[in-house]
Amino acid sequence: MTGRTILCINDHPSALDADRTEQLIATLPEWRRREALSIRHLQGRRECALAYIELQRALRLAFGIDDTSPFAYGAHGKPSLARHPGIHFSISHCRQAVGCLLSNRPCGLDIERIRPVNPALIRHTMNPGEAQAIHSAPSPELMFARLWTRKEAVLKLLGTGITDSLHHVLDPENLASIRLRTIDNPLQGYVLTTAIA
């Protein structure tokens, strides 16, 4: 299989009102419909449904396949397609955007909204150099979102989940074989990062 990677994004999730969200959920495979309906809030249901729709779109565009079988999960909860072990994906969402990164290489995607950041969160998640970059940036909120999405995309690629060593995720020795790409969309209010091995 040649190298294939695709990123599918919907950055207008709020365009779906409650009725259209419920109609969309009704079209999902039964296992994903149950998952979406188990979420209490409309926003979460919408994001769950749209993330699955973006995955299906990416599968069709990149590989010409349609797979509606339930996900398999790794030890730390990383989802995979049991019928297609050579295809990797990562889904992410926030209020402003929902997306899926699909590749024939291990990958991770994180999308976060740009918002004010608590100094305690910076201390807990960033090393001194990263904290300095945030505090000295013209837009500290944007810089925090950039760094946070990079960290989370790497962790999603690795399938480890959020670890206690958040300060060192982006150390150069940890990124030797990982390609990162960060995209800012301040007009829509979000940042996303892709990580591909």
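Reply: Trp 31, Tyr 52, Phe 71, Tyr 73 and Phe 89 form one aromatic cluster, where rings of Phe, Tyr and Trp (its six-membered ring) count as a pair if their centres lie within 6.5 Å, and are called stacked when the planes are under 30 degrees apart, edge-to-face when over 60, and tilted for the rest. The model is a predicted one, in which local features need pLDDT of at least 70 and side-chain atom pairs count only at pLDDT 80 or more, whereas totals for chains, interfaces and linings use all residues. Residues are numbered from 1 along each chain as its sequence is written, and side-chain values rest on heavy atoms, with hydrogens and water left out.

Six aromatic pairs are found when the whole structure is searched. One of them joins Tyr 52 to Phe 71, a tilted pair with 6.3 Å from centre to centre and 40° between the planes. Tyr 52 belongs to helix H3 (residues 42–63) and Phe 71 to the loop between H3 and strand S2 (72–73), so this pair ties together parts that are 19 residues apart in sequence; helices (H or I, at least four residues) and strands (E, at least two) are DSSP runs, numbered from the N terminus. Both Tyr 52 and Phe 71 are buried, a word that stands for under 20% relative accessible area, with exposed for over 50% and partly exposed in between (1.4 Å probe, protein chains only). Phe 71 also pairs with Phe 89, again in a tilted arrangement, with 5.0 Å between the centres and 50° between the planes. This second pair links distant parts of the chain, 18 residues apart, since Phe 71 sits in the loop between H3 and S2 and Phe 89 in strand S4. Phe 71 counts as buried because its relative accessibility is 10%, and Phe 89 is buried at a relative accessible area of 2%.

Strand S4 (residues 88–93) brings us to Ser 90, which is buried with a relative accessible area of 5%. A polar atom of the Ser 90 side chain lies 2.9 Å from the backbone nitrogen of Leu 109; a polar contact is a pair of N or O atoms within 3.5 Å, where, within protein, one must be able to donate a hydrogen and the other to accept it, and residues adjacent in sequence count only if both atoms are side-chain atoms. Residues up to four places away in sequence aside, Ser 90 touches Gly 99, Cys 100, Leu 101, Cys 107, Gly 108, Leu 109 and Lys 156, contact being taken as heavy atoms within 4.5 Å.

Gly 99 and Cys 100 are also among the residues touched by Cys 8, as are Glu 54, Arg 57, Ala 58, Leu 61 and Val 98, not counting residues up to four places away in sequence. Cys 8 has its place in strand S1 and is buried, at a relative accessible area of 2%; its C-alpha atom is separated by 7.6 Å from that of Leu 55, 47 residues apart along the chain. Ile 9 is found in strand S1 (residues 5–10) as well, but is partly exposed, with a relative accessible area of 24%. Neighbours within four places in sequence left aside, the contacts of Ile 9 include Glu 54, Arg 57, Val 98 and Gly 99. Between the C-alpha atoms of Ile 9 and Tyr 73 there are 23 Å.

At the start of H1, a side-chain oxygen of Asp 17 reaches to within 3.2 Å of the backbone nitrogen of Asp 19.
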